[in-house]
Amino acid sequence: MLHRNRLLHAIVTALVVLLLSMPAFAHKVNIFAWVEGDTVHTESYFPDGRVVQKGTVSVYDSEDSLLLKGVTDEEGLFSFPVPKGDDLTIVLDASMGHRATYRLSAEELGGKETAAAHGEHSLQNSQRPKDRVPAVKILCGIGYIMSIMGLSMYFYEKRKKKKKGLGSG
Amino acid sequence: MHISDGVLSAEVLIAGAVLAAGGTAVGLKKMDMDQMPRVAVMTAAFFVASLIHLPIGPSSVHLLFLGLMGLLLGWSCFPAILVGLLLQSLLFQHGGLTVLGVNTINMALPAIIVYLVFGPLVRREGNWLPLAGAACAGAFAVLLSSLCTAFSLLFSGEEFTTMARLILIANLPIMGIEAVMSVFILSIMRRVKPEILGASLSDTFRGGEDVASK
């Protein structure tokens, strides 16, 4: 049994080594929003940095009613005038079942902070943050899988022994 | 293939969860404890595969290993894919907890179908038939999975044909790569450890043997 799995182990080890040496991105979409004067700008992108084209952006207020809807352009951007001074939830639907949300608080929509926030955001904007998956998380997941295997085998053996004990006694 | 939280309606989520629970129960029942290490290793491979992205085609797609999961694990691919997806959603926020059932069905069902259809071909004697079977399994698993995903989105207002075409086109490169990879890995296995394929053969017939021995 042990050596039967040696080849599989080798393949997976090779895969993991390969993975750890290359950038790993979680497969989810992201939406990012910032305020500039009376306009809210949004940018939508995949974790590897590709922009989401023709994604549907819906804006909801704090009572979950739809305020407006729009489609992202070729650069993944969509802008709209501030609809009201409420907490906004911006939902991106990138089709194929991909979805992401971004929350803009009422304070961010008006007041002096926006200018400062804007400076920050446009910087972030030019260096679009990529969601790298840390290697630790990958190892962590593999650890979980191996623990599930180990535990189930342990309890199986224990039960088998118990049954045997009962049978002979 | 990973649908996010909040996209699907409750009915679809519940139907998916019920079907996935059923499939997992069958998978666990058919699984032999001896196969546990293999199932775990393939689960780990499936778990990391989604991090390998391909910068080809119109959208962002990643590897799935579905054909291999089906061919090597048979019905055990249900619990394997469930655990893999659970960890992907917890650690990478990829997919989601409420859609776990639907996503499991969308990936495990195609894996089982290719196992039942192309599995016998892969275990044949000869040079070309098994490899052709492996290639078909790799490609068709992704094809079927795309159709399943499009079908689950059908009830959330997306039109089936447009959605299916979109997902299929996005996953065309994955189909090709998974076909080539399945051929590669299975041809190595046939040469080095043919009993790996034989073992998954025996568990299809184990039910029959049990009946015969009674």
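**Note on the two-chain predicted model**

1. Read along the sequence, chain B follows the pattern α-α-β-β-α-α-α-α-α-α. That gives eight helices and two strands. Helices (H or I, at least four residues) and strands (E, at least two) are DSSP runs, numbered from the N terminus. Of the 214 residues in chain B, 57% count as buried. Buried means under 20% relative accessible area, exposed over 50%, and partly exposed in between (1.4 Å probe, protein chains only).

2. Conventions. The model is predicted: local features need pLDDT of at least 70, side-chain atom pairs count only at pLDDT 80 or more, and totals for chains, interfaces and linings use all residues. Residues are numbered from 1 along each chain as its sequence is written, chains are lettered from A and ligands numbered from 1 in the order in which they are written, and side-chain values use heavy atoms, with hydrogens and water left out.

3. Chain A has four helices and seven strands. From the N terminus on, its elements run α-β-β-β-β-β-β-β-α-α-α. Buried residues make up 37% of its 169 residues.

4. The second largest pocket has a volume of about 320 Å³. Its lining has 18 residues, and the closest to the pocket centre are A:Ser152, B:Leu28, B:Met31, B:Met36 and B:Pro79. Two or more lining residues come from each of these elements: helix H4 (135-168) of chain A, and helix H1 (10-30), helix H2 (36-49) and helix H4 (77-92) of chain B. H4(A) gives the most, with five residues. By class, the lining has 14 nonpolar, three polar and one charged residues.

5. Pocket terms. The search uses a 1 Å grid over the protein atoms alone and a 1.4 Å probe; a pocket is an open set of points with protein on both sides within 12 Å along at least five of seven lines, and lining residues have an atom within 4 Å of a point. Grid points are joined across faces, edges and corners, and the volume is the space filled by probe spheres set on the points. Ala, Val, Leu, Ile, Met, Phe, Trp, Tyr, Cys and Pro count as nonpolar, Asp, Glu, Lys and Arg as charged, and the others, Gly among them, as polar.

6. A search of the whole structure finds seven aromatic pairs over all chains. A:Phe32 and A:Trp34 form a tilted pair, 6.0 Å centre to centre with 35° between the planes. Rings of Phe, Tyr and Trp (its six-membered ring) pair if their centres lie within 6.5 Å; planes under 30 degrees apart count as stacked, over 60 as edge-to-face and the rest as tilted. A:Phe32 is buried at 12% relative accessibility, and A:Trp34 is buried at 6%. A:Phe32, A:Trp34 and A:Tyr102 form one aromatic cluster.

7. In chain B, the rings of B:Trp75 and B:Phe78 have centres 6.4 Å apart and planes at 15°, so this pair is stacked. B:Trp75 is partly exposed, at 25% relative accessible area. B:Phe78 counts as buried, at 2%.

8. Helix H5 (residues 100-122) of chain B bends by about 40° at B:Leu116. The bend is the angle between axes fitted to the seven residues ending there and the seven starting there. A proline, B:Pro120, follows within four residues. H5(B) is mostly covered, with 17 of its 23 residues buried.

9. B:His94 lies in the loop between H4 and H5 of chain B. B:His94 is buried, with a relative accessible area of 1%. Its side chain makes a polar contact (N or O atoms within 3.5 Å, one able to donate a hydrogen and the other to accept it) with the side chain of B:Ser50, at 3.4 Å.
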